[in-house]
Amino acid sequence: MATATTSMSQPHQKSGVWDWLTTVDHKKIGVLYGVSGFSFLLLGGIEALLIRTQLAVPNGTVLDAELYNQLFTMHALTMIFMAIMPMGASFFNYFIPLMIGARDVAFPRLNALSYWIFLSGALILTSSFIFGGAPDGGWFAYAPLSSEDYAVGRAMDFYTVGLVVLGLSSLMASLNFAVTIINMRAPGMTMMRLPVFMWMTIVVNFLLILSLPVITVALAQLYFDRNFATNFFSPAQGGDPILWQHLFWVFGHPEVYVLILPSMGIISEVLPVFSRKPLFGYAAIVFAGVAIAVLGFAVWSHHMFTTGLDTVPKIVFSASTMAIGVPTGIKIFNWLGTMYGGQIRFTTAMYFSVSFIALFTIGGISGVMHGSPPIDTQQQDTYFIVAHLHYVLFGGAIMGIFAGIYYWFPKMTGRFLNETLGKINFWLMFIGMNLTFFPMHFLGLSGMPRRVYTYDSGFGWDAWNMVATIGSYILAFGILIFLFNFFKTMRQEPTAGNNPWDGATLEWATSSPPPEHDFDVIPEVRDRDPLWYDRDNNIQQPEPPEENHIHLPPPSYMPLIMGFGVALIGIGALSHLAMTGLGVAVVIYSIWGWVLEPID
Amino acid sequence: MSTEAQTTESHGSPLTPRDYIKIGLILTVITIVELIASYIELGALLIPILIFLSLVKFVAVVALFMHLKYEARILTQMFVMGAVLATCILIGLLYLFRNDPTDALGGVDPASGGHAARIWIGHYLHI
Amino acid sequence: MSEAVTHAEHHTSTGVDNRMLMMWIFLASECLFFGSLISTYLIYQGESLVGPLPGELLNIPITSASTFVLLMSSVTMVLAVYGAQHKEFLMMKLNLLATIILGTIFLGFQVVEFTEFVHHGLLLSTNQFGSSFYLLTGLHGTHVGIGVIYLISLLIGSSRRNGLGKDAGLNLEIAGLYWHFVDIVWIVIFTIIYLIPS
């Protein structure tokens with residue numbers, strides 16, 4: 001079986017806390033991301049429930065304005081950067097090597113480092129609540145509200161530092177995954193035989209690689225404005241607050257595709273398996289994904305239609321925004337085409353996937369409406385936008401993630417999440433989600449602004465707000481059912497075989513869960529749906545050899561130590577220079593250790 | 001693209017140390033030319049000439065010193081993707097700030113402190 | 001038998017080493033990083049409400065000298081890479097040392113320039129020129145500094161018993177990519193900030 005060579009200075013335990021702290025195994029790192037991401041999903045959900053409770057009735061007294069501002073800011077930051085992205089990273093980590101027929105990612109220690117830096121950034125950002133207050137300027141932190149004049153205290157510095165650290169984590173992970181998918185595919189796995197989830201993954205990685213630097217610059221400029229009296233965004237000295245908006249949205253728009261494309265990839269895997277039919281229009285879906293990414297860099301000012309843009313830019317950005325609906329529509333029709341004529345198996349994963357199509361389409365329709373500047377002038381900063389974004393992010397991204405969880409749970413744990421509980425989980429989430437967010441279309445159109453901590457009676461908003469709050473509680477109950485399902489299932493014995501769903505892609509060619517080395521024999525790929533092709537053509541995979549000398553990279557302390565060093569640098573940026581210096585020293589020490597430790 | 005390929009250390013580079021020094025000298029000459037150009041009166045030709053010369057230096061270093069001309073195509077694709085996107089965003093941002101109608105709000109004369117007519121690329125391209 | 005461990009001469013789908021591929025993709029992201037900083041500088045060109053202004057401070061002859069120094073460091077870097085790839089380790093070490101020295105001289109020029117500007121009253125907070133100039137060139141200088149440390153580490157590593165191992169050529173080449181990139185960013189900065197009149 002697999003052997004892992006070790007040395008005296010490296011950890012050698014195979015179980016327990018130290019194993020998890022020093023692991024470089026992509027599967028364990030995937031689990032770390034997944035558990036962390038889901039925990040932050042719960043935190044973000046609590047933040048949302050507090051918001052909804054405050055807004056259930058007019059002139060609510062649950063939260064004051066200041067705390068409300070912190071909660072809606074942190075709800076978005078938590079969900080985007082600490083829940084959805086890490087859960088996406090969890091699937092990327094776990095499944096990239098398995099789906100391309102590799103044994104790990106290109107840089108296993110860098111992979112672990114990405115996780116520890118993520119955790120540092122998430123903890124720094126979230127700890128703001130207890131260190132003087134969380135950021136409260138919205139997740140988009142528009143200037144000059146974010147400046148030192150208006151945002152007194154350190155909250156917005158937690159914002160800049162936290163996001164820079166989180167961005168660093170994402171950048172490292174994306175570089176790693178991009179190299180892995182491009183360079184480590186199994187024999188016969190051409191780019192056009194990659195599973196669609198892999199295509200979406202690589203597109204997401206490039207979106208991040210190309211957009212994160214822009215927001216890093218903007219965050220640095222904001223940090224300098226607040227702490228070193230520069231004038232990037234302060235009008236009094238010649239700065240322009242609009243520059244922040246531009247730089248933010250040049251990142252921010254590709255970011256929303258980062259949030260949705262993984263889920264689009266997931267359902268592109270789930271739908272064929274539970275329709276017992278290959279994906280319809282593979283090439284079209286792949287090219288549509290790439291087109292969405294390219295166009296995604298050309299639409300950013302549609303978030304700024306009401307800032308006084310000139311006419312020509314408005315027309316250009318409106319046109320590009322409308323255009324981006326086309327590749328998305330192509331995908332929708334291809335998913336429908338996949339199911340049409342198929343033998344549908346109504347598993348929970350399938351429920352979530354089909355609901356993705358419907359709910360994301362609703363979100364897409366409202367999105368197209370915003371793409372028209374005159375209409376957007378009415379809708380901007382109202383609950384209509386809140387409705388749109390939650391339909392695409394909850395109805396889209398989250399439902400897709402849950403589809404992935406139910407689909408891949410047997411592969412990762414060897415156990416099946418209970419289907420009955422799963423369906424209850426689904427329906428509560430589906431009904432709850434629609435009850436919460438559909439009324440927001442009406443609220444927005446009747447003029448209810450976003451980001452207000454309370455509202456007066458008499459505007460006609462009372463009833464729908466109450467409905468939305470009730471919906472949010474139903475939704476929360478659905479999540480609780482999921483948690484119950486999860487813990488109940490984990491207490492059972494693993495029973496799953498290699499391929500319980502009769503899936504087509506390579507992760508189903510190994511055991512559930514996979515051995516540490518993923519594959520006994522690296523598969524050879526002859527077709528786009530390798531396992532179906534082999535099954536239909538009676539091709540047997542070769543037997544593993546008697547003695548399998550597979551060298552896996554040994555565990556390492558260095559990613560953990562370097563992550564800690566980065567955390568110190570971040571904390572130093574929020575407190576004392578000395579702490580930053582200490583952090584730099586720790587990072588340098590860990591680089592030295594990293595370079596010198598043996599990896600063979 | 002599934003062909004397994006052995007990576008090689010020295011990519012059979014046709015460039016010798018003598019070549020590299022020659023290229024270095026040419027880059028130095030170009031820099032001197034740029035320096036002289038920035039002092040003599042060239043009017044509207046100055047900026048295109050400077051951009052062109054810098055582009056030559058840029059491409060020379062990337063293609064020859066960084067060896068991109070002799071490497072696998074994927075590397076050129078990766079780098080060009082970043083360089084082209086960065087350039088497009090730069091041009092887009094400059095255009096947006098060049099044509100910012102909010103500068104004229106409040107009775108402020110754009111010519112005195114606003115963005116209009118000052119951004120050289122917009123000014124030069126007359127957009 | 002398959003190897004999950006990365007080292008030279010292993011199979012990759014494109015024939016390019018993983019580390020080489022990663023460096024090039026990283027440089028693509030760095031284009032966006034410096035592109036945003038340069039965009040900010042250009043947007044704020046001419047927007048300073050108070051002096052000192054670029055025309056008063058920027059010293060083109062001196063900066064041309066520092067540009068030349070950095071350019072020469074690229075020549076010595078590529079010669080160091082050549083030396084490593086052809087196993088001529090003395091050539092490699094001497095040129096690596098020369099690159100480090102030239103890079104440090106460049107940083108010296110930057111320090112002198114910044115000090116001059118500060119004496120003339122230009123701080124980060126003074127005006128738009130100060131903010132955008134110092135952030136752009138400061139971050140570029142930081143990249144050069146990290147590069148110098150990177151190269152010093154390689155030089156130290158090469159004086160061990162096994163030197164830089166069998167990956168010496170690749171390691172030098174990848175370091176060279178970073179170094180040359182930092183040079184071409186400076187080429188762009190030099191042209192845009194110094195040569196083109198504001």
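## A first look at chains A, B and C

Chain B is built from five helices and one strand. Keep in mind from the start that this is a predicted model. Of its 127 residues, 28% count as buried. Among the contacts in chain B with a separation of 6 or more, 44% are between residues 24 or more positions apart.

### How confident is the model?

Chain A has an average pLDDT of 95, and 97% of its residues score at least 70. Its residues 1-9 are a stretch where the pLDDT is below 50, with 16 contacts beyond near neighbours in sequence.

For chain B, the mean pLDDT is 78, and 69% of the residues reach 70 or more. Which helix of chain B has the highest confidence, and which the lowest? Helix α3 (residues 73-98) of chain B is highest at 95, while helix α5 (residues 120-125) of chain B is lowest, at a mean of 42. In chain B, residues 6-10 have a pLDDT below 50, and this stretch has 16 contacts in the model beyond near neighbours in sequence. Over residues 106-127 of chain B the pLDDT also stays under 50, and here the model has 33 contacts beyond four places in sequence. Where pLDDT is low, the predicted coordinates should not be read in detail.

| Helix | Residues | Number of residues | Reach, first to last C-alpha | Expected span |
|---|---|---|---|---|
| α3 of chain C | 60-85 | 26 residues | 37 Å | 38 Å |
| α14 of chain A | 462-490 | 29 residues | 43 Å | 42 Å |

The reach of α3(C) is close to the expected value, and that of α14(A) is likewise close to its own. Just after α3(C) comes Lys87(C), which takes a positive phi of about 60°.

Several residues of α14(A) are buried, including Asn465(A), Ala468(A), Gly471(A), Leu475(A), Ile481(A), Phe482(A) and Asn485(A). Their cover includes α2 (26-55) and α13 (419-445) of chain A.

The largest nonpolar core holds 283 residues. Those touching the most other members are Ile100(A), Ala178(A), Ile209(A), Val270(A), Ala403(A), Trp24(C) and Ile25(C). Helix α3 (residues 65-100) of chain A gives the most to this core, with 22 residues. Chain B takes part too: domain 1 (13-71) and domain 2 (72-127) of chain B each provide at least three residues.

Which residues does Ile25(C) contact, leaving aside its neighbours within four places in sequence? They are Leu175(A), Ala178(A), Val179(A), Ile209(A) and Met78(B). Two of these partners, Ala178(A) and Ile209(A), are themselves among the core residues listed above.

### Where the chains meet

Between chains C and B, 50 residues of chain C are in contact with 46 residues of chain B. On the side of chain C, β1 (11-12), α1 (18-43), α3 and α6 (168-195) each supply at least two residues. The largest share, 13 residues, comes from α1(C). This side of chain C divides into 28 nonpolar, 19 polar and three charged residues.

Chain B also meets chain A, in a contact that takes 12 residues from chain B and 14 residues from chain A. The chain B side of that contact has seven nonpolar, four polar and one charged residue.

Note on methods: Residues numbered from 1 in each chain as written. Chains lettered and ligands numbered in written order. Predicted model: local features only at pLDDT ≥ 70, side-chain atom pairs only at ≥ 80, totals over all residues. Helix = DSSP H or I, 4+ residues; strand = E, 2+ residues; numbered from the N terminus. Expected span 1.5 Å × (residues − 1). Core = buried A, V, L, I, M, F, W, Y, C linked by C-beta atoms within 7 Å. Buried ≥ 20, exposed ≤ 12 C-beta atoms within 10 Å, placed from the backbone. Domains from an automatic or database assignment. Contact = placed C-beta atoms within 7 Å. Nonpolar A, V, L, I, M, F, W, Y, C, P; charged D, E, K, R; others polar. pLDDT = per-residue confidence, 0-100.
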